[in-house]
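Visitor: I would like to learn how to read a model of this kind, one feature after another. Could you take me through it, giving the general idea before each case?

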Amino acid sequence: VFGRKGFADATVLDIAENAGLASGTVYQYFVDKGDILRYLLRELVERLHADTRMPADENGRLIVRESVLRYLEVYHEYASIFRAWWELLEPETEFTPAWLALHEKSRREMLHVVTDGQRKGIVHEAADPAITADLIVAAFERPVYNKIVLGWTDDSGEAELADFMGRLLGRGVAREAPRTRRR
Amino acid sequence: LQPSKTSAGQATDSPTFALLLAAGHDAFADKGYAGTRLADLSASAGVTTGAFYRYFENKAAFYRAAFEDYEAHVLQEVNAAEGLRLRAEAWLSVSRDFRGVVRAAQELTRLDSKESSLSRRLRDACADLFADSLPGSVTRSRQRRLAGLMVYDILNHYTVMEAAAWIPKRPLGAVAEQVDRLICDGLYM
């Protein structure tokens, strides 16, 4: 229901009807629609922590394409919750801090990827770690949001987005493609 | 050329129109779209609510005018800049000035919302300008298109994050330099 109507327009009655229940039954479990969303968000955050870790290959490079595909998968599964969540981010609501915590975690992890990569000599020296980390977080969050929550497909499938992200973080778009072709 | 008119039929080159737009930027930046009351907005522009309604039918019409003002500035500045780095910097700089509109756009750009088409139109136009500014070594037009959209999405999200104070405020020249570097050269050597 949150996915179809958005959080603001959804009512407990809609949610009850969708579940084939009386609204009284819903109120036995939840105080209000905010309470339902809080429950679903907790579930989503746990899922994100468990399932969207970015693995690295034997040289310490992130395996980007697979990570993007898995992120897209979780996003699809929880599209309605993401939609309601984004709707409630700005202006700030009680749901903003949970988002911020998740966002901070992504930024910290990405900062580590950049600084660690520079130490290993696989990330460009010229990359400013803090700025680059935030740009990569943006490159993950926004295109996926546009595609799944706003329905802006850009005539491109999800595999193409994942390929492109892999290329972007891999060697960029302006350098020659590596000689060995991807499978 | 005919002077443009607002939805309520008033000329857009009047000082009151400019005052209302400026007050709108501040109000949207501080309180967001939903939190902005037309009475407060009019008062900070030094006009009555009645005067507001002579220019705009309602808050949505006001948002459209504010967005189109932002859009015109962004397109002009990005177009005038050469190369991806300077175009990215121009985009970031105008959008920081118009962060109230960017914030309101984030609030209003929802699945199937009317305002969504405004945001999408600007994204498409800017993505083309970014794609045009990529180095000639990117030969496939599909890659250029995807890269242009990616630049836009990154810059847009960056501005939203900055406006919401989720990230620190940094010199935009440095940010644009890193955008250029990341898009063209990637993360890994």
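Predicted model: local features only at pLDDT ≥ 70, side-chain atom pairs only at ≥ 80, totals over all residues.

Visitor: What is the secondary structure of chain B, and how compact is the chain?

Guide: Chain B comes to 9 helices and 0 strands, so that its elements, read from the N terminus on, run α-α-α-α-α-α-α-α-α. Its radius of gyration is 18 Å, close to the 16 Å that the globule rule gives for 189 residues, and therefore chain B is as compact as a globular protein of that length. Along the principal axes, the C-alpha atoms of chain B fill a box of roughly 60 × 40 × 30 Å. If one takes the contacts in chain B between residues at least 6 apart in sequence, 66% of them join residues at least 24 apart.

Visitor: And what does the corresponding description of chain A look like?

Guide: Chain A comes to 9 helices and 0 strands, and the box filled by its C-alpha atoms along the principal axes is roughly 60 × 30 × 30 Å. Among contacts in chain A between residues at least 6 apart in sequence, 56% join residues at least 24 apart.

Visitor: How should I read the interface, and what area is buried between chain B and chain A?

Guide: The size of an interface is often given as the accessible area lost when the parts come together. Here the area buried between chain B and chain A is about 4,900 Å², and carbon and sulfur atoms give 61% of it. On the side of chain B, the residues that lose the most area to chain A are Trp166(B), Tyr188(B) and Met189(B), which together account for 19% of what that side buries. Counted by contacts, 46 residues of chain B meet 58 residues of chain A.

Visitor: How many salt bridges and polar contacts are there between chain B and chain A?

Guide: The count is 3 salt bridges, and there are 27 residue pairs in polar contact, with both residues at pLDDT 80 or more. Several helices of chain B each supply at least two residues of the side that touches chain A, namely H6 (99–108), H7 (116–132), H8 (141–163) and H9 (172–185). Of these, H8(B) gives the most, with 13 residues. Sorted by class, the side of chain B that touches chain A has 25 nonpolar, 10 polar and 11 charged residues.

Visitor: Which residue forms a salt bridge with Asp154(A)?

Guide: The partner is Arg123(B), and the closest N and O atoms of the pair are 2.9 Å apart. Asp154(A) lies in the loop between helix H8 (129–149) and helix H9 (158–170) of chain A, and it has a positive phi of about 55° although it is not a glycine. Its relative accessibility is 18%, which is why Asp154(A) counts as buried.

Visitor: Is Ala165(B) buried or exposed?

Guide: Ala165(B) counts as exposed because its relative accessibility is 62%. Its place is in the loop between H8 and H9 of chain B, and its phi is positive, at about 60°, although Ala165(B) is not a glycine.

Visitor: How much of H6(B) is covered?

Guide: H6(B) is mostly covered, as 9 of its 10 residues are buried; among them are Gly100(B), Val101(B), Arg103(B) and Glu107(B). His25(B), found in helix H1 (residues 15–35) of chain B, touches Asp69(B), Phe98(B), Gly100(B) and Val101(B), leaving aside residues up to four places away in sequence. At 15% relative accessibility, His25(B) itself counts as buried.

Visitor: Which residues does Gly3(A) touch?

Guide: Not counting residues up to four places away in sequence, Gly3(A) touches Ser80(A), Arg83(A) and Leu111(B). The C-alpha atoms of Gly3(A) and Arg83(A) are separated by 6.3 Å, although the two residues are 80 residues apart along the chain. Gly3(A) sits in helix H1 (residues 2–9) of chain A, and at 23% relative accessibility it counts as partly exposed.

Note on methods. Residues numbered from 1 in each chain as written. Chains lettered and ligands numbered in written order. Heavy atoms only, no water. Contact = heavy atoms within 4.5 Å. Buried area = accessible area lost by both parts, 1.4 Å probe. Salt bridge = Lys/Arg side-chain N within 4 Å of Asp/Glu carboxyl O. Polar contact = N/O pair within 3.5 Å; in protein donor to acceptor, adjacent residues only side chain to side chain. Helix = DSSP H or I, 4+ residues; strand = E, 2+ residues; numbered from the N terminus. Nonpolar A, V, L, I, M, F, W, Y, C, P; charged D, E, K, R; others polar. Buried < 20%, exposed > 50% of the residue type's maximum accessible area, 1.4 Å probe, protein only. Rg over C-alpha atoms; globule rule 2.2 N^0.38 Å.
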